[in-house]
Amino acid sequence: MRLFDMVGCLSSAMDLVSPEVAGHHLRVGAIASRLAEVAGLPGRECADLALAGMLHDIGAFSLKGRIDALSFESDDQTHPEIGYRLLRAYPEFSRAADMVRSHHCLWSKTGQRPPVLTPELELGNLLCLADRVDTLLPRAPGKGFDRDVLLRKIRSASGRMFNPWWVEALETLAGPDGFLEKTASSSASHGCLAVPDEHNPELSGREVSRLARLFSQVIDFRCRFTATHSRGVAATTMLLARELHLGGDERDCLEVASELHDLGKLGVPAEIIMKPAALSRDEMITMQRHAEHGYHALSGPTGLAGVAKLVVEHHERLDGQGYPYGRHASQISLPSRVLAVSDVFTALGEDRPYRPGMEISRIVSILEDQADRYILDPDVVSLISARRHDLDAARRHAQAQALADFDRFTSGIAP
């Protein structure tokens with residue numbers, strides 16, 4: 001599996017939050033990289049702009065924030081800063097992180113070239129142009145597209161919002177080959193994003209795990225109540241896997257799936273996830289779709305097929321009453337059963353907007369009741385019961401580290 005395959009999973013999941021933003025990240029990555037190519041930038045910068053485009057709104061956690069970011073004149077600086085802080089933790093994303101940080105910075109407030117302009121700001125402004133171009137593309141299949149209207153809108157902002165050099169590159173890119181028309185179709189955008197293998201490295205298993213940890217922060221860092229969840233699930237799952245002597249591909253897939261099991265929640269508005277009361281029926285249906293969302297986001301790269309299967313099954317029940325598919329015990333693998341138990345174990349111990357975290361005795365009692373009713377795997381629950389104090393200590397330790405990371409991450413960010 002290559003880097004852009006993995007990043008594409010996160011990009012796809014983020015764009016599930018609303019039909020209005022479907023395919024937005026991938027299209028911006030395609031437009032930014034092609035603009036850079038037309039402008040004569042080196043291949044490394046073209047690839048970094050593609051990465052930055054695919055991840056540029058990673059810091060816009062709410063549905064409102066995502067929709068507001070589509071405004072042509074948006075100059076919000078909060079979500080670019082959050083995105084920068086998330087991405088800089090992964091060294092290979094450092095250049096893309098700088099571009100994300102400045103992708104809402106205007107070229108000039110006076111119409112004159114800024115006296116001091118760093119390379120990061122220049123490239124961030126190219127990303128800004130790519131982002132704004134996509135906001136002007138049709139947002140619904142079959143809707144008419146007028147290239148000349150788009151270009152007039154962009155020209156009117158040249159020298160103010162955008163570097164005139166980048167606008168000239170867009171004029172060239174929007175030529176007779178129909179690039180913008182092709183990019184307007186989200187189904188065609190995968191074909192528009194072509195990154196040479198030299199800038200799209202193959203990932204080792206360790207690198208996939210590191211990226212999964214980064215992705216889990218994107219999933220969890222939307223609020224303090226969820227900030228530590230995936231880290232707690234991962235710690236619990238790995239201890240159970242060792243006790244059950246799981247190894248090889250099963251253990252590797254389980255490790256990554258533990259970090260990514262809630263990836264599909266990026267397609268659930270933060271307003272629902274953080275609601276301090278019971279969800280309505282429609283809200284619950286939206287929430288339950290996260291298992292399928294995660295599966296569809298992860299099922300593209302062949303190297304993640306095993307992870308995708310675990311992710312889609314982590315809310316299935318042995319009695320066939322789970323979701324999304326209502327699978328029965330004979331269809332649910334042991335790693336999926338382990339992940340399901342770890343998820344419930346961790347969730348019960350966490351503070352939530354509507355209740356405080358539970359003590360270990362109460363957690364085990366609930367798990368044993370669910371095992372008796374053939375919801376969760378009885379053997380895995382028995383192991384939880386036998387090792388309850390070790391598991392609880394491991395979970396708490398991992399979540400304390402995650403909370404410290406979250407506090408450092410949010411330091412200085414305006415609420």
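The chain of this predicted model has 22 helices and zero strands, where helices (H or I, at least four residues) and strands (E, at least two) are DSSP runs numbered from the N terminus. Of its 415 residues, 54% count as buried, that is, under 20% relative accessible area, with exposed meaning over 50% and partly exposed in between (1.4 Å probe, protein chains only). Residues are numbered from 1 along each chain as its sequence is written, and side-chain values use heavy atoms, without hydrogens and water. Local features need pLDDT of at least 70 and side-chain atom pairs count only at pLDDT 80 or more, whereas totals for chains, interfaces and linings use all residues.

Two packed helices are described by the angle between their axes and the distance between the axes. The axes of helix 13 (residues 229-243) and helix 21 (residues 378-386) come within 11 Å and cross at roughly 105 degrees; axes are lines fitted to C-alpha atoms, for helices over the stretch in contact, and angles run from 0 to 180 degrees between N-to-C directions. Thr236, Leu240 and Glu243 of helix 13 meet Val380, Leu383 and Ile384 of helix 21, contact being heavy atoms within 4.5 Å.

Four aromatic pairs are present in the structure. Rings of Phe, Tyr and Trp (its six-membered ring) pair if their centres lie within 6.5 Å, and planes under 30 degrees apart count as stacked, over 60 as edge-to-face and the rest as tilted. Tyr90 and Phe93 make a tilted pair, with 4.7 Å centre to centre and 50 degrees between the planes; both Tyr90 and Phe93 are buried. Trp165 and Trp166 are stacked, at 5.1 Å centre to centre and 15 degrees between the planes. Trp165 is partly exposed at 45% relative accessibility, while Trp166 is buried at 2%. One aromatic cluster is formed by Phe221, Phe406 and Phe409.

Most residues other than glycine have a negative phi, and most peptide bonds are trans. Tyr323 and Pro324 are joined by a cis peptide bond, with omega about 15 degrees; Pro324 is in the loop between helix 18 (305-313) and helix 19 (334-349). His245, not a glycine, has a positive phi of about 60 degrees and is found in the loop between helix 13 and helix 14 (248-260). His245 is exposed, with a relative accessible area of 73%.
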